[in-house]
Amino acid sequence: MKVVRTKAELRAELAPARTTGQVIGLVPTMGALHGGHLALLAAARERSDVVVMSLFVNPAQFGPGEDLDAYPRDEDRDAELAALEGVDLLWIPDADEIYPDGFATSVEVANSFTGVLEGDPSHRGPSHFRGVTTVVAKLFNSVQPDVAYFGRKDAQQALVIERMTRDLDFPVEIVVLPTVREDDGLAEEAARGGETSTDALVETARNELRNSGIEPEYVEARAAEDLSPVAELNGRPVLVAVAARVGRARLIDNVLINPKTEA
Ligand code: PAF
């Protein structure tokens, strides 16, 4: 595995693969790799000729109440794990490389996608997703991957990135990998059992969390394709998204209720 820091080095390393038409797969990360990242890297390894992992703790997606300095950083550990997963090129840019002096541009997906759930001003706020889409657009332009991998655990982020990619014609296929877990919870069971009111599903999910001693920040059901509010399961996929503080960590999760596969 080769480690590069500048865009110039990155481009030089990727040039031969690009000219010979090899498939370049990108897994964007902020480091602190966990099992979810390893699954993305494994999928990228399986489906690409060249696997690039970016590691950049993006200041632009941290809100005023979020501690950028406290974000866990362990470059050596991340590099070791990336190498074990078969990453070919690890790109670790400095903040100046991504946001040079005078940087004045941002990429923003409409508020109906980015101002709800995590983007609601009472949670992380819409500037969070502006930071995400701006940096991901830059990562796409620098790496120019054929395929980029994201996790469904962060379903809103994946949706926002898919929409940006489509709307701005980035020639990148976005692959969103499902969260691997043994139990998808009572909300999904209730939907399988014929419950169609999203209020009832939300209440079931809220109670399930409370029974485990977790007070959720929010539990919301929204249309999975555009995050618009939904009152009833109406044959289209619905996302039940939750955020909660557990100890000092703030966790997010979601269940995708897909009537087509529930049938
Ligand atoms: O999911 C993350 O780790 C980040 O939001 C991403 C996509 C790497 C952008 O900084």
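Predicted model: local features only at pLDDT ≥ 70, side-chain atom pairs only at ≥ 80, totals over all residues.
Six strands make up an open sheet with parallel pairing. Reading across, the order is β1-β4-β3-β2-β5-β6. Which strands stand at the edges? They are β1, residues 2-4, and β6, residues 173-177. Each has a single partner strand, so one side of each has no neighbour in the sheet. From one strand to the next, the twist averages 25°.

Strand β2 covers residues 24-29 and strand β5 covers residues 147-151. They pair in the parallel sense, over two bridges. If you want a spot to look at, find Gly-25, which stands opposite Val-147 in β5.

A further helix packs on this sheet: α2, residues 35-47. Helix α2 touches β2, β3, β5 and β6, where β3 is residues 50-55. The direction of α2 makes about 155° with that of β5.

Next, the ligand. Which residues are around it? The list is Pro-28, Thr-29, Met-30, Asn-58, Gln-61, Val-135, Phe-150 and Gln-157. By class, that shell has four nonpolar residues, four polar ones and no charged ones.

An oxygen atom of the ligand is 2.7 Å from an N or O atom in the side chain of Gln-61. For the side chain of Gln-157, the distance from a ligand oxygen atom to an N or O atom is also given as 2.7 Å. On its own, the ligand has 290 Å² of accessible area, and the protein covers 87% of that.

Last, the other sheet. This one is open too, with three strands in the order β7-β8-β9 and antiparallel pairing. The edges are β7, residues 216-223, and β9, residues 249-257. Each edge strand has a single partner, so one side of each is left without a neighbour. Neighbouring strands here are turned by 15° against each other on average, direction ignored.

How many bridges join β8 and β9? Nine, with β8 being residues 238-246. Within that pair, Val-246 stands opposite Ala-249 in β9.

This sheet has a helix across it as well. Helix α9, residues 198-211, lies across β7, β8 and β9, and runs at about 150° to β7.

That is the tour.

Methods: Residues numbered from 1 in each chain as written. Heavy atoms only, no water. Pairing = 2+ DSSP bridges. Helix = DSSP H or I, 4+ residues; strand = E, 2+ residues; numbered from the N terminus. Axes fitted to C-alpha atoms, helices over the stretch in contact; angles between N-to-C directions. Contact = heavy atoms within 4.5 Å. Near = heavy atom within 4 Å. Polar contact = N/O pair within 3.5 Å; in protein donor to acceptor, adjacent residues only side chain to side chain. Areas by Shrake-Rupley, 256 points an atom, 1.4 Å probe, with all protein chains shown as cover. Nonpolar A, V, L, I, M, F, W, Y, C, P; charged D, E, K, R; others polar.
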